[in-house]
Every structure is written in C-alpha cells, then in structure tokens.
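Keep the structure open while reading.

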Amino acid sequence: LFKKHNDDVKQLVGISKTIATYRKYEVTRRHLAEFIQSKYNISDIAINEITPMFITDFELYLRTTCKCSYNTTAKFMQFFKRIILIARNNGILIGDPFANYKIRLEKVDRGYLTEDEIKIILKKKMVSERLENVRDLFIFSCFTGLAFSDIHGLRKEHIVEDSNGVRWIRKGRQK
C-alpha cells in the first residue's frame, strides 16, 4: 500500500506534489521496510497486523537505530499515519492503531545570524566558483527571506519596479 501510494505521489510531482514530498514519503517507506526486516525478519507485513505496539516500536527504531531527532521522527510518523488513514478510508483496515498515539512537534528556535556573522560569510574566500555561488545564494536568502526552493524558481520576470523606480521581488512562495 505504501509503495502504491508513493508511485501515485510520484506521478503527481510537478502537478500537485513536489519532488521533496515524494522523497519524504520514500524515505519513510524505506525506514519502515528496514524496521520490519530488522524486527520481524520479514520483508513486508499485513496492514491489519499494525498495532499500537508496532507504532511505538517503529518510533523507537527511528529514534535509536536511525538516530532521528524528535521532530524528524514525528514527521516520519505523520507520513506513516497517512498510509494507515488511506487503508482505513478504503476499508482495508478496520480500527485505528494511531487512535491513542499523539504526534507532536517541538518548537525549534532556529536563531538568526548577526550582522557581523553575515559580514564574515561575505568576506570568506571560497575555494571554488561553485562554493562562491552557494555562499551568494545563501546571503541572498538571508537578505530577502526567500527559501532555497523560492530562489531556485526565481526568474527575471519576478523582479518588478514600482512607481518610484524601486525594484521588488514579486513571486508566490512554494509551500
């Protein structure tokens, strides 16, 4: 079921899904397959054998064996829960093994760079033109607030000039 779901998502890449979304589902499926192999020594499991204990064991596997952070584990569990929801909605699974399982994300303070830190990065001599470009894109992102995916899609037509001759970036943001 997970593989079919991911195949469907892959077909929607560029239409209503991003390649990043597809990759996240694929990584989740791979972790789940590796968990099933390591815990049960089988390559697959019947969906009706997924119990609340299976879910907590999978979470423990992600945190310990895969060394995932709290929030990364929570995101993988959200993707897995989506597959269980599809199974329930299609009558493949009766009951909800996630019924008493709460997925919570911790708030993360990502901090910010100081003006002095940005100046240090700007002055840093890079060993290649490619790294200079990476640095420049990073600094551009710092000053504009645009995410990498938004910068990646930035085109000349997104730069507009207002009535005072000031240039602005006018572009819809990616999810």
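Are H5 and H6 roughly parallel or roughly antiparallel to each other? The model is a predicted one. The axes of helix H5 (residues 115-123) and H6 cross at roughly 155°. Angles over 145 degrees count as roughly antiparallel, and therefore H5 and H6 are roughly antiparallel to each other.

**H5 against H6**

- The axes of H5 and H6 come within 10 Å.
- The crossing of H5 and H6 is left-handed.
- H5 contributes Ile-118, Ile-121 and Leu-122 to the contact, and H6 contributes Arg-135, Phe-138, Ile-139 and Phe-143.
- By class, the residues of this H5 and H6 contact are six nonpolar, no polar and one charged.

**Arg-135 in H6**

- Arg-135 sits in helix H6, which spans residues 129-144.
- Is Arg-135 buried or exposed? Its relative accessibility is 13%, so Arg-135 counts as buried; the cut-off for buried is under 20%.
- The side chains of Arg-135 and Asp-136 are joined by a polar contact of 3.1 Å.
- Setting aside neighbours within four places in sequence, Arg-135 touches Ile-121, Leu-122, Lys-124 and Met-126.
- Ile-121 and Leu-122 belong to the H5 side of the contact with H6.

**H2 against H3**

- Helix H2 covers residues 19-40 and helix H3 covers residues 52-64.
- Their axes come within 10 Å and cross at roughly 105°.
- That angle makes H2 roughly perpendicular to H3, because the range of 65 to 115 degrees counts as roughly perpendicular.
- On the H2 side, the contact is made by Thr-28, His-31, Leu-32, Glu-34, Phe-35, Ile-36, Ser-38, Lys-39 and Tyr-40.
- On the H3 side, the contact is made by Phe-54, Asp-57, Phe-58, Tyr-61 and Leu-62.
- The residues of this H2 and H3 contact divide into eight nonpolar, three polar and three charged.

**H2 against H4**

- What is the angle at which H2 and helix H4 (residues 70-89) pack? The angle is about 85°, and the axes are 9 Å apart.
- H2 is therefore roughly perpendicular to H4.
- Lys-24, Tyr-25, Val-27, Thr-28, His-31 and Leu-32 of H2 meet Phe-76, Phe-79, Phe-80 and Arg-82 of H4.
- The residues of this H2 and H4 contact comprise six nonpolar, two polar and two charged.

- Thr-28, His-31 and Leu-32 are among the H2 residues in the contact with H3.
- Thr-28, His-31 and Leu-32 also take part in the meeting of H2 with H4.

Methods:
Residues are numbered from 1 along each chain as its sequence is written. This is a predicted model: local features need pLDDT of at least 70, side-chain atom pairs count only at pLDDT 80 or more; totals for chains, interfaces and linings use all residues. Side-chain values use heavy atoms; hydrogens and water are left out. Helices (H or I, at least four residues) and strands (E, at least two) are DSSP runs, numbered from the N terminus. Buried means under 20% relative accessible area, exposed over 50%, partly exposed in between (1.4 Å probe, protein chains only). A polar contact is a pair of N or O atoms within 3.5 Å; within protein, one must be able to donate a hydrogen and the other to accept it, and residues adjacent in sequence count only if both atoms are side-chain atoms. Contact means heavy atoms within 4.5 Å. Axes are lines fitted to C-alpha atoms, for helices over the stretch in contact, and angles run from 0 to 180 degrees between N-to-C directions. Angles under 35 degrees count as roughly parallel, over 145 as roughly antiparallel, 65 to 115 as roughly perpendicular and the rest as oblique. Ala, Val, Leu, Ile, Met, Phe, Trp, Tyr, Cys and Pro count as nonpolar, Asp, Glu, Lys and Arg as charged, and the others, Gly among them, as polar. A crossing is left-handed if the near helix is turned anticlockwise from the far one by less than a right angle, and right-handed if clockwise.
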